[in-house]
Amino acid sequence: MYKSLADAIRDAESRGVSLATVALEAEAADGGRTIADIRDALTRALHIMRGAITQGENPALRPESGLVGGDAAKMISGPPGPLAGTLFRDVLMRALAVQEVNACMGVIVAAPTAGGAGVLPAVLTGIALAKNISDEKVVDALATAGLIGAVVAERASLSGAEGGCQAETGAAAGMAAGAAVEMLGGTPTQAGHATALAQQGTLGLVCDPLGGLVELPCVFRNATGAAIALAAIEMAMAGVTFAIPVDEVIDVMGEIGKSMDVRYRETAGGGLAATPTGRRLAKERLVQIKRAGG
Amino acid sequence: MVSLLDIIGPVMVGPSSSHTAGACRLGLLARCLVGGTPQSARIELHGSFARTGEGHGTDKAIAGGLMGFRPDDERLRVALDIMDREGLDFIFEKTTLGEDNDVHPNTVRITVTRDDRTAVMQGSSLGAGRVLVTQIDGYPVEVTGNLNTIVLVAEDVKGSVARIATLLADAALNIATLRLSRKQRGGDAFMVIELDEQPGEGVRDTIRALPWVRWAFRLDKVGAA
């Protein structure tokens, strides 16, 4: 698999093919699977992503802790805002839905991680529905997203415990942005700019879940991560470029993660988790989980 | 090497790929060391596993993995209840396994016992559900669980690699990778063999019965797909 997006972009453009194509070829060359097998696995992932979104639309869905839940349903039937009826509102709903299902120990696709699992399905399936894009193209986009995530894993990190939330919802936003741009007909170079634009907007983002539960702020941070991805997609499709090359943006994300205090890396020692209300809620909810015998 | 399907996956029960899916995979690997569900286990959680494990269901995921549940098995949600019902004695402890810079923040040491077999495994959850077993019975190893793996420690005798390779070929097992290391000439040789197919317990028993093999373990593939 590629260790540099610049290399992948160069290979794709010199041959006049997509990032999805070079990603699938690299994965097949790494061993064991044919491109058809890999596409089958990605197709299954897409079905599970859509299943999680449907489950998450249920207003009665609540995790054991009771910290989050029911917000995806509000995006469907709650009062309108300035973006009512748009792709933007639908994508926010989808991101919340997947993450609420995740909090309930439901089945999701960790892409790249469970904590950041809402962004990619929300952005890709939301755009695919609005723009009438075929499942085949969405599966290609998943391959592109996988390539971007693999490069991030190699150069930086995909773990909140190592790199903060910039390595989870931030990386997810970068993956979704690059993949969606290609799905919408953008070039590999434009996809690279989209990834850089999304990742730069999440640099320094800490991982600070209340009580260490992947609920608050994770559910909402997937929605805002998806919003950043949409912003990056819109800019990149318009021809906006980012001056720092995408590989360097990814590298610096890793460096920031390494120098991040341990309080901000999934330990519930800092950030929102350490606010007076954050501490109180976490204490109440953990007691509740224990009482429930969980 | 990172696989695209590790990034778009695994399909798993939430809420955390490192704290739930990765933890489950470490439980599945530890279970292999004693050839099935251990009757008792001591699970020592380090770092972020210790600090935030309960909220992420890390305890449920490791217990589920030890009982053979995979990361996408919805029974993980009630794994501790099943453990109690089955009369299994899994004990969870919070500990420090080393300095923050030396030990990955999501690390666990699991001591498993089944009938007359006991083994100790240390492993880390690296993010996105990927894991790395770093120690077995005190020996440093690198096992990812992405392929079926046999690890063994043998006396440094001539022809040992050929003998093991023949034995695996006779069992119709194809070697994907083989790493050999030893601390000094004539010292213990350490082999980590990754296989395309799944070896049975019989293969492990045969290897273990060789007079110059000190110990051997079999770890099944616990990959996402």
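Here is a friendly, numbered note on the two-chain model above, starting with how to read it.

1. First, some ground rules. This is a predicted model, in which local features need pLDDT of at least 70 and side-chain atom pairs count only at pLDDT 80 or more, while totals for chains, interfaces and linings use all residues. Residues are numbered from 1 along each chain as its sequence is written, chains are lettered from A and ligands numbered from 1 in the order in which they are written, and side-chain values use heavy atoms, with hydrogens and water left out.

2. In chain A, 54 residues are in contact with 40 residues of chain B (contact means heavy atoms within 4.5 Å). Together the two chains bury about 3500 Å², and 63% of this lies on carbon and sulfur atoms. Buried area here is the accessible area, taken with a 1.4 Å probe, that two parts lose on being put together, summed over both. Of the area that chain A buries against chain B, 18% comes from A:Met105, A:Val107 and A:Glu266, more than from any other three residues.

3. How many salt bridges are there between chain A and chain B? The count is one, where a salt bridge is a side-chain nitrogen of Lys or Arg within 4 Å of a carboxyl oxygen of Asp or Glu. A:Arg44 pairs with B:Asp72, their closest N and O atoms being 3.8 Å apart.

4. Now look at which parts of chain A face chain B. Helices (H or I, at least four residues) and strands (E, at least two) are DSSP runs, numbered from the N terminus. Elements giving two or more residues to this side include α3 (35–56), α5 (87–103) and β1 (107–109) of chain A. α7(A) gives the most, with nine residues. By type, this side of chain A has 33 nonpolar, 12 polar and nine charged residues. Here Ala, Val, Leu, Ile, Met, Phe, Trp, Tyr, Cys and Pro count as nonpolar, Asp, Glu, Lys and Arg as charged, and the others, Gly among them, as polar.

5. Most residues other than glycine have a negative phi, and most peptide bonds are trans. Is A:Met105 buried or exposed? At 7% relative accessibility, A:Met105 counts as buried (buried is under 20% relative accessible area, exposed over 50%, partly exposed in between, with a 1.4 Å probe and protein chains only).

6. B:Asp137, in the loop between β6 (130–136) and β7 (139–143) of chain B, has a positive phi near 45 degrees. With a relative accessible area of 31%, B:Asp137 is partly exposed.

7. The bond from B:Gly9 to B:Pro10 is cis, with omega near 5 degrees, and B:Pro10 is in the loop between α1 (4–7) and β1 (11–13) of chain B. The bond from B:Gly14 to B:Pro15 is also cis, with omega near 10 degrees; B:Pro15 is in the loop between β1 and α2 (17–32) of chain B.

8. All of α9(A), 15 of 15 residues, is buried, so the helix is largely enclosed by the rest of the structure. A:Gly185, with a positive phi near 100 degrees, follows α9(A).
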